[in-house]
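Subject: Structure handover

Hello,

Here is the structure we talked about, with its sequence. My notes on what was found follow below it.

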Amino acid sequence: MPDSPISIAQHYHERTKYSPENLKQGSEIDWDKQPVPFKEYPIGITFDLKPYLQESTIAAYAHAPSELFWYRLSHLLVCSYGLTGMIPQNGEPYYLRAAPSAGGLYPAEMYLISRGTPELPAGLYNYQAKTHSLLHFWESDLWTALQSACFWHPALEGTQLALVITDVFYRSAWRYQDRAYRRICLDTGHLLGNLELAGSISDFRPHLIGGFADRAMNSLLYLDAEQEGTMAVLALADRRLVNQNLPLSKTALPSQTQADYPRKLPNGALLSYLHQATEIAVSDAKVDWKIPVAETDRVDKYNFPFCLKVPMATKPILWGQDLTGLEDTLLSRRSTRDYNGEPITLTELQAMLSFTYQPQQYIEQHLDRSPDYFDLNLVETFIAVSGVTGLEEGCYYYAPKAQELRQIRFKNFRQELHYLCLGQNLGRDAAAVVFHTADLSAAIEQYGDRAYRYLHLDAGHLGQRLNLAAIRLGLGVSGIGGFFDDQVNEVLGIPADEAVLYITTLGRPWHNPRK
């Protein structure tokens, strides 16, 4: 490690990089201590949401406003994080969910806070995915405390409901040790992506809030902060109410940057130390929720004068009447286990990138034209092309503003990708592999160490849009959170100061991904 001061987020990133040497020294998984991916409460009032899954359209409740509310909320939750399947594992049921999770460990929990509505009395609820129900376990008005903890974010002024996403750290750390924090944030980003799209289906608009006083939020939810921490708050606007058609606001606030920390934190202690270091204290908050003009003006990079530039603008993916195709895709998505090595078409790659990065093209299908992220200006996208009909092999930079691919390296990377992805055949047999990266130093300069959360949450959100676009097109897709970090930069020719956040593989599966 260098002697010059680096922040705790940079230290964490360096310490948790995979290399051939440290993987050989990895500890064995203790299968006797496998965590349960569901939270239970001894007392509370249950609101059963399962009956509202039986009707397939909103029109069925057109003349029953209260029942329509329950229908919409039920579909929002099931499409975001509900159970979508079950497979037996060692004689016990293993449940699959709408959002993908590394190792199927599902670290996230979803809470709902009600200000008090005709359907939902004021108080605190937990989404019980296993039974598809809401458990009302705290009956009191918490809204003012929520607003205070979120530094009076304007989206909470005009809404009646809020979702809070937390993560139970041990669920992922049990398998992935300290590096689990990366996967926890990516998994939560997947969930944020689902919530954004499921909101369009159910006529809710989630307004993302990443700047909040962590200890106040954890206390509000009665969390054991050593075991579980708040990751995101979403003010849930009801798009069927005119007064909740809210303007957009800033989503992220900076934390402190900590350069004074123990350099020899023992293995197993690094994750929790980083999370606490990225918290925002009330005394440290610099609150301004207005969106600066500069934040909306993205600048594309790698615009070399003689590089191959491939236009990527295309027609939008069609999601069907009333977005039924989107709901079916959310509920049928599965991560691909293997590809057949056959190529995909340039048209298919264009469609997936369009859905992921050009949401404004989907306004006619009633999707959000400007969904909330923390700061996409910080996240870059590179694509290693091994088998795309109509596109040369090599590494490309995707310029979202110009909507074009810019080739930065000429090479077939199949064998290197197999190695980079820890020997997984997914990397070797994929037609294209998408890399999300960020200049970590620049991100920390802007947002403090909390930038580490924001970067991975945004990468997970983008990754989930790629997932859903691929499944809709009948392709295979699988995210990879474990890779040889430094070797990715070397092989693809990506600058060394670009931290690799996430990998998504795309290709033709041996089996139908919707089954």
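Strand 7 is mostly covered: eight of its eight residues are buried (buried means under 20% relative accessible area, exposed over 50%, partly exposed in between, with a 1.4 Å probe and protein chains only). Helices (H or I, at least four residues) and strands (E, at least two) are DSSP runs, numbered from the N terminus.

Before the rest, two remarks on the source. This is a predicted model, in which local features need pLDDT of at least 70 and side-chain atom pairs count only at pLDDT 80 or more, while totals for chains, interfaces and linings use all residues. Residues are numbered from 1 along each chain as its sequence is written, and side-chain values use heavy atoms, with hydrogens and water left out.

Strand 7 and its sheet

In a regular strand the side chains alternate between the two faces of the sheet. From strand 7, Leu-161, Leu-163, Ile-165 and Asp-167 point one way, Ala-162, Val-164, Thr-166 and Val-168 point the other way, and all are buried.

Strand 7 (residues 161–168) pairs with strand 9 (residues 228–238) in the antiparallel sense, over eight bridges; two strands pair if DSSP finds at least two bridges between them. Strand 4 also pairs with strand 7 in the antiparallel sense, over seven bridges. Leu-161 stands opposite Leu-236 in strand 9 and opposite Ser-114. Val-164 has Val-233 in strand 9 as its bridge partner.

The sheet is open, with seven strands in the order 1-6-5-4-7-9-8 and antiparallel pairing. Strand 1 (45–48) and strand 8 (204–209) are at the edges with a single partner strand each, so one side of each has no neighbour in the sheet. From one strand to the next the twist averages 30°.

Helix 5 (residues 169–176) lies across strand 4 (108–114), strand 7 and strand 9, at about 30° to strand 7. Axes are lines fitted to C-alpha atoms, for helices over the stretch in contact, and angles run from 0 to 180 degrees between N-to-C directions; contact means heavy atoms within 4.5 Å.

Asp-300

Asp-300 lies in the loop between helix 8 (270–277) and strand 10 (309–311). Asp-300 is buried, at a relative accessible area of 16%. Its side chain reaches the backbone nitrogen of Ala-402 at 2.8 Å, and the backbone nitrogen of Lys-401 lies 3.2 Å from a polar atom of that side chain. Leaving out residues up to four places away in sequence, Asp-300 touches Tyr-397, Ala-399, Pro-400, Lys-401, Ala-402 and Arg-406.

Regards

Definitions and conventions
A polar contact is a pair of N or O atoms within 3.5 Å; within protein, one must be able to donate a hydrogen and the other to accept it, and residues adjacent in sequence count only if both atoms are side-chain atoms.
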